[in-house]
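Here is a short briefing on one protein model. Look at the sequence and the structure first, then read the points below.

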Amino acid sequence: MPPRKVVPCTVLTGFLGSGKTTLLNHILSDQTHKLKFAIIENEFGAVGVDDKIVAQQENTSEEIIEVMNGCICCTVRGDLVEALKRLYKKVAQFDAVIIETTGLADPAPVAQTFFVDEDIKRMYKLDGIITVVDAKHIMQHLDEEKPEGVENESVEQVAFADRVLLNKTDLVEPEELAKIEARIKSMNKTAEIFQCQYSKVDPKHLLNLEAFNLDRVLEFDPEFLKADPEDHQHDDRVTSVAVKFEGELNVNMLQMWIGELVGTPEKAAGLFRYKGVLAVKGAEQKWVFQGVHMLFAGGFSEDKAWGPNEPRECRFVFIGKDIDEESLKEGFMKCRVTEELRFAVGDMVEARCDGGWKPAKVIKIWDDGHPYRLEVQDREKTNIWGPIDEDVCVRAMAGA
């Protein structure tokens, strides 16, 4: 049986009137990418308009257009899943999917759709989130005070973006554009910004991003870690925190720490996007992770190892609302390996196993990212890992 085709999906978002549909029409009318698209249009009102605008384009005769009414991030999220499954039956007719959200949509639930539904995960992959920004009005949208408990959609759209199209630049003075870019970068250091008019941007900058491919996370530019003097001129609740250090960490401690972060609904709600590239003690492969709110994925890259002369380093970025910068940095740094292990190869210890504490022998240290490989002193000489070098997992023999 031939492998199932996995279709890339691009989420196109931006506040009302920013130029999303204009951009979509540019992509559809541009033939250089040689791609056929299935389009999912989302209208907030009961009567759709954008689908009519798109359908009038002369080059869209082969496109498949689905229209959903309501807000894609809440009331019709289930409809999005059904629409994607329905479209997949026509998968031979298109190469990629573009989802244009309503201007009132938070992109996070849309992105999560591609991680939580098992059928969707087999059929599609999220390629990237493109946010179109109206240069003339974006500052007032970002500064708009919302009622308690109501999210600022413009803030969320900028924070989740992989690419930001700063549109309608002809309506703004160069000095103001510089301030807008600085504001966007203070909220989302990793998104590349393209200035444009009438939403005209070469589609090659917007398609095939593979922004949610774990290996692609390896390529994110470490330059964003350098402090920008403009970054702290605004007291936006949405900020990005970045950390980088040369050295290695214990990946088990990192996973426990991230699990604690995303497992607490109050904390996870404020984490929009996060990703990192890590050097794990005891492993040659690079360990990469990324997440959206409570959804986290991480693992060793299959084809990316640290080079013999490449400095082993760890770096991460968190983008979120009301995030505690010092707490995030402290939690990350606690995962760093800074001391020698307490036990050496050949030492007898007690290991915490399913049936309680059992005598074990250290047979290897830093094995596949784990501080200890242990041989339990049972009949089978069972091998287990000691994931962290603390008494909760591995301790000295009683009386030693």
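**A covered strand**

Ala96, Ile98 and Glu100 point one way from β4, Val97 and Ile99 point the other way, and all are buried. Buried means under 20% relative accessible area, exposed means over 50%, and partly exposed lies in between (1.4 Å probe, protein chains only). In a regular strand the side chains alternate between the two faces of the sheet. This is a predicted model: local features need pLDDT of at least 70, side-chain atom pairs count only at pLDDT 80 or more, and totals for chains, interfaces and linings use all residues. Residues are numbered from 1 along each chain as its sequence is written, and side-chain values use heavy atoms, with hydrogens and water left out.

**The chain overall**

- The protein chain has 12 helices and 17 strands. Helices (H or I, at least four residues) and strands (E, at least two) are DSSP runs, numbered from the N terminus.
- The protein chain has 400 residues, and buried ones make up 51% of them.
- Take the contacts in the protein chain between residues at least 6 apart in sequence: 72% join residues at least 24 apart. Contact means heavy atoms within 4.5 Å.

**Strands and sheets**

- Strand β4 covers residues 96-100, and five of its five residues are buried.
- Strand β1 (residues 7-14) runs parallel to β4, and four bridges join them. Two strands pair if DSSP finds at least two bridges between them.
- Leucine 12 stands opposite glutamate 100 in β4.
- Another sheet is open, with five strands in the order β16-β15-β14-β13-β17 and antiparallel pairing.
- β16 (383-386) and β17 (394-396) stand at the edges of this sheet. Each has a single partner strand, so one side of each is left without a neighbour in the sheet.
- From one strand to the next, the twist averages 45°. Axes are lines fitted to C-alpha atoms, for helices over the stretch in contact, and angles run from 0 to 180 degrees between N-to-C directions.
- Strands β13 (residues 348-353) and β14 (residues 356-367) run antiparallel, joined by six bridges.
- Arginine 352 stands opposite tryptophan 357 in β14.

**Nonpolar cores**

- The largest nonpolar core has 68 residues, of which Leu84, Val97 and Tyr124 touch the most other members. Such a core is a set of buried Ala, Val, Leu, Ile, Met, Phe, Trp, Tyr and Cys residues joined through side-chain atoms within 4.5 Å.
- Leucine 84 touches Cys9, Ile40, Val97, Phe114, Ile120 and Tyr124, not counting residues up to four places away in sequence.
- Another core, of 26 residues, lies apart from the largest one. Its members include Trp306, Ile323, Leu328 and Cys335.

**Aromatic rings**

- The whole structure holds 13 aromatic pairs. Rings of Phe, Tyr and Trp (its six-membered ring) pair if their centres lie within 6.5 Å; planes under 30 degrees apart count as stacked, over 60 as edge-to-face and the rest as tilted.
- Tryptophan 287 and phenylalanine 289 have ring centres 6.1 Å apart and planes at 40°, so this pair is tilted. Both residues are buried.
- Phenylalanine 316 and phenylalanine 318 form an edge-to-face pair, with 4.6 Å centre to centre and 80° between the planes.
- Phenylalanine 316 is buried at 0% relative accessible area, and phenylalanine 318 counts as buried at 1%.
- One aromatic cluster is formed by Phe245, Trp257, Tyr274, Phe316, Phe318 and Phe332.

**Charges over rings**

- Lysine 286 lies over the face of tryptophan 306, at 4.6 Å from the ring centre. A charge sits over a ring if NZ of Lys or CZ of Arg is within 6 Å of the ring centre and within 35 degrees of the ring normal.
- Arginine 395 lies over the face of tryptophan 357, at 3.8 Å from the ring centre.
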